[in-house]
Amino acid sequence: MRTTPAASVLLASACFTFLGCHDAPLSASEQPPSPKLAREEEAMLSAPEEVASYTLSASLDEKEHVVHGEGTIRFTNRTDTPTSSLWVHLYMNAFKNSKSVFLSEIVPGFRGSGSVTRWGAIDVKKFALKGSGEDLWARANRRPNGPDDESEAEIPLSAPIAPGQTIEIEMAWDTTLPSIVERTGFQDSFHMVGQWFPKLARLDEHAVWAHFPFHHLAEFYSDFGNYDVTLEVPDAYVVGATGVRSAALKEGAGAPATGHRRVRYTQKNVHDFAWTAWDHFVEREEKMGDVAVRILFPEGYDAIAERELATMRFAFPHFRARYGPYPYETLTLVHPLPNADEAGGMEYPTLITTGGAWAVPSFARAPEIITVHEFAHQYFYGLVASNEMKWPYLDEGFTSFAEMEAMQTWYGHAAVGRLGPLEVDEYGAQGVIGARNVHDDVIAQPAHKFRSGATYGSLIYSRMASILGTLRRTYGDAFIDAFGVYARRFRFRHPEPADFYATMESELGKDAAAFLEEAIAKKGWVDFAVGSVFGERSAGDKGLFGESANREKREGTAKDPVHYEGFIEILRRGTLVIPVEVEIRFKDGSRTRTTWDGKGEATRIPLDGPSYVASVVIDPDGKVLVDQDLSNNTTLLSGTPPSDVTFSIASLVSQWLLQVLFQ
Ligand SMILES: [Zn+2]
């Protein structure tokens, strides 16, 4: 998901050209992966273990906004330990009443806080073991989180499921869609149907069910499998869904209701299935490489739809180079109708929802950013399937970095937009936004543990993007390779933070891994600042030298022709250790750059040359996106050339503007 409505994305991301943000050298999207990534790709999984597969049939009652479903779950215990229960998520019950965990946890200023005008629910009608017909639902604990919440259920089994054993469950249920909330529901005749069926929690490697009630701010987690879903909708409705669409079916249990048709979608190797149905969708299709891309959008949104398709033309080769091939045959983009904003900005396997107004000026890249962001989730969530509830930064944080890196590659300084001479760049502003709450909350915690939606948004999205962006700019393409190794090595797996740190340590070294752990797990922060600048024109030796008869008085003689000596002190406040460059500009116009490893609380850079210092600039290329305060990164001395004074004033004005915009 994206945190902000599309209209505010422009304001939520800015760094001004005259601030001096520079891009690291761009990598061409079309280039083949580096030898390291090519090797990693050879060893990459081509498919996950099939654990939880669903064969479902569902019919939409478009007038009551209810989905009637039935089908089977096929579950295999892939662990080496028997399991004696099942856990089932019933996410739609989060919108059943105001006392659900989700709605009672509401925090202002974030998604899911809109008012529900029609309650939603999921009512299980049947949940029985295939074969024996044993009714498992009768024994279910349907309120494991207290008397009010029904968003998950524990189902004890009469006989444990042995390692390697497969069971099938037959089920039937009714899903009453809520008014649009949290990326699901209906608005008029538009239906966005997500988290709509009884869905097994994930049985992790230790044979522990990773289950949870549907928490505010949090998302989902489940095992991979194959989906075969047949949907019955009114004839006039256009359907978009996860997977590959088959022609309308006439077979099946009974004929479709009069004026209705059935469509079937199948998709292997995914861990969720969502769909949408509306009788006013306009659709376009385009083949991009091997992928059939389909976009559904409201009438009058053609220009925005074209921009979203153009984004995908860029994104497929870019993400292929960065994180490996997109392994599915289809991608469906859904642009919801205007008054269904909360249905927008969401990711499901092979289906993403975008959002925003019908007209966005071309200088503002909101449609492109939201499209890139949601597509990035196909990798970080879809393929690299971490527990989104427990470690949201592995999902939203990594996706925000991938979005930012892609947009910077595509548009450079104008990644977020351009207005006259003002170019708005995503790196700098994510740094400013991410720095706001750095002392308030730790990044490495479950979504619902954050103090507020504000700290969650700024830390999980912007701060995490800035942390990775700092490494990308500091380590250059070595970081692209390292992050690309992680994306490939854990494709079709469920990595945890330790997997990420270990990959970064093996690929980039201990310092990078330590930086990440301090920043993510310990509220790490850093502020580089110019301390003192000391120097004087060298006058040679002065004073008394030697003893007794050998004592000599020296009056000093200036080195020929002119010579200055001294030092510049650079301070590193805070707890993050990261190398930083320092540029020294001299009055004669010359410049030197020094890289300090950032270890220790301060360093002195010796001065020894023919000209005195005009100005000192820490991190002149803006690589350290997590620097807490940029206003102390530049020091001007008397005699500074006007161009440097202009640069410095512009920097301060830019930072002030950023802070005003994002407070
Ligand atoms: Zn997201």
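The model is predicted, and local features are reported at pLDDT of at least 70, side-chain atom pairs only at pLDDT 80 or more, while totals for chains, interfaces and linings use all residues. Residues are numbered from 1 along each chain as its sequence is written, and side-chain values use heavy atoms, with hydrogens and water left out.

The protein chain contains twelve helices and 32 strands; helices (H or I, at least four residues) and strands (E, at least two) are DSSP runs, numbered from the N terminus. Of the 663 residues in the protein chain, 59% are buried. Buried denotes under 20% relative accessible area, exposed over 50%, and partly exposed in between (1.4 Å probe, protein chains only). Among contacts in the protein chain with a separation of 6 or more, 75% are accounted for by residues 24 or more positions apart, a contact being heavy atoms within 4.5 Å.

Helix 2 spans residues 35-42, and its buried residues are Leu37, Glu40 and Glu41. Viewed down the axis of helix 2, these buried residues fall within an arc of 100°, so they line one face of the helix; the arc is that of the directions from the helix axis to the C-beta atoms. An α-helix has 3.6 residues a turn, so residues three or four places apart point the same way. Pro35, Arg39 and Glu42 are exposed on the other side of helix 2. The cover over the buried residues of helix 2 includes helix 4 (302-323) and helix 9 (477-489).

Helix 4 and helix 9 pack with their axes 7 Å apart, at an angle of about 90°. Axes are lines fitted to C-alpha atoms, for helices over the stretch in contact, and angles run from 0 to 180 degrees between N-to-C directions. The two helices, helix 4 and helix 9, are therefore roughly perpendicular to each other (angles under 35 degrees count as roughly parallel, over 145 as roughly antiparallel, 65 to 115 as roughly perpendicular and the rest as oblique). Helix 4 contributes Arg320, Ala321, Arg322 and Tyr323 to the contact, and helix 9 contributes Ile480, Phe483, Gly484, Ala487 and Arg488. By class, five nonpolar, one polar and three charged residues form the contact of helix 4 with helix 9; Ala, Val, Leu, Ile, Met, Phe, Trp, Tyr, Cys and Pro count as nonpolar, Asp, Glu, Lys and Arg as charged, and the others, Gly among them, as polar.

Two buried residues were examined individually. Asp527 lies in strand 24 (residues 526-537) and is buried, with a relative accessible area of 6%. The side chains of Asp527 and Asn632 are joined by a polar contact of 3.0 Å, that is, a pair of N or O atoms within 3.5 Å; within protein, one must be able to donate a hydrogen and the other to accept it, and residues adjacent in sequence count only if both atoms are side-chain atoms. His373, in helix 5 (residues 366-376), is buried at 0% relative accessibility.

Lys99 occupies the loop between strand 3 (83-89) and helix 3 (101-104) and is exposed, at 52% relative accessibility. Apart from neighbours within four places in sequence, Lys99 is in contact with Ser104 and Asp148. Gly146, in the loop between strand 4 (121-129) and strand 5 (152-161), is partly exposed, with a relative accessible area of 26%. Gly146 and Ser100 are 46 residues apart in sequence and 9.6 Å apart in space, C-alpha to C-alpha.
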